[in-house]
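Q: I would like to learn how to read the pockets of a protein model. Could we go through them together, step by step?

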Amino acid sequence: MPQRLKLDWTLFLTTLALAFFGLVMIYSASLAKTNINGRSSHYYALRQFAILAAGMVMMMALRRIDYRVLRHPVWAFAPMSLVLVLLAVAFFADPEQHRWIRLPLFQLQPSELAKPVLAIFLANFVSRRLPMINSRHTLLPVAVALALLAGLVMAGDLGTMVVLMVTAGAVLFVAGMNWRYTSYACMALALLGVVGVAAKPYRIARLVLTLDPDKKIIAMVDHNGWIESQIAKTMASRDPKYQARQSVVAIGSGGVFGLGLMQGRQKMLYIPEVHTDFIYAVVGEELGLWGCTGVLAGFVLILWRGLRLFWIAPDDFGRHLALGLTVGLVFQALVNLTIVLDLGPTKGIPLPLISYGGTSLIGSLISLGLLMSISERSG
């Protein structure tokens, strides 16, 4: 008789709760924007709902598929190759931001699809070569693939590049990569980050104004004034810390219980595009500490279920796939919350399942569908 599958209700209900909570907050956060644009107040919420419906179908279909079929080499290389091609297309199709491929009905952001694809690629590669994880025949191909992926993503989205590389580092380290190679990887990532920041003046300004707001350290090391000139170049056209400051005002004004759903003030064009990357600020202002804590609790539950799967999955592929998917989702959420609370440099990175954005939502639901597939065949 075929094995009877048991749905992971904790993971499933947590996903539903966060996704539908996101719809409510998108509706609230986008009211001012839709009013200015002359669109229906339901415009963004309905678009997100349509993507959510399609994504839920995809998630449930993946849940029914045995995750072990993904261990075939074609699933390691074909999706990764496709994502790399799409990232290259986005680089040229979006000459200013290098992020999106604009299609007739929606915008595709390949870097969001790279997150579940990278987890599958790493789990496949690691599980096949686990006894030889520190062999150059294992690490060199992975390093080349990661370098290519990081370079293409970094051109338009440094924050997502960091999420992808942290995910890769977590999987490889847990798989047994020794400290020497780990230190090399950290140095390479740091160097890549420096290059990525230096390539864009606004990134330099965001980093400096977060870590050294009084510019005391910069004054000691920037003898030629190059860093100051890059910051001045950015400040002439925009304030790199504006969104972060406004989001802190929003969260602070919400207090413990919030101003009430739909009653927020900072969303009234004080925070640009508040329904996307800074939607957590609306949660804090309107629903207060309890609303923020509820969102955080949802991601803690996802972290718990994912790490549990890492321990109980019946094979190495499932264990490392669960780890990669979980780290990708939860670390991205952590980075977003850090930015909204002004604890790190501002970056355009969405809050999984809650921020407006079709590709981000689809990527998150793909990851959760695969986690459910692992869960139903474990334990």
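Q: Which helices each supply at least two residues of the lining of the second largest pocket?
A: A pocket is found on a 1 Å grid over the protein atoms alone, as an open set of points where a 1.4 Å probe fits, with protein on both sides within 12 Å along at least five of seven lines, and lining residues have an atom within 4 Å of a point. Here helix H6 (136-154), helix H7 (158-175) and helix H8 (179-198) each supply at least two lining residues, where a helix is a DSSP run (H or I) of at least four residues, numbered from the N terminus. This is a predicted model, in which local features need pLDDT of at least 70 and side-chain atom pairs count only at pLDDT 80 or more, while totals for chains, interfaces and linings use all residues. Residues are numbered from 1 along each chain as its sequence is written, and side-chain values use heavy atoms, with hydrogens and water left out.

Q: How many residues line the second largest pocket, and which lie nearest its centre?
A: The lining has 27 residues, and Ala 143, Leu 146, Tyr 184, Ala 185 and Ala 188 lie nearest the centre.

Q: What is the volume of the second largest pocket?
A: A volume is the space filled by probe spheres set on the grid points, which are joined across faces, edges and corners. For the second largest pocket it is about 710 Å³, and for the largest pocket about 1,400 Å³.

Q: Which residues lie nearest the centre of the largest pocket?
A: Of its 47 lining residues, Arg 99, Trp 100, Gln 107, Thr 276 and Asp 277 lie nearest the centre. Helix H3 gives the most to this lining, with six residues.
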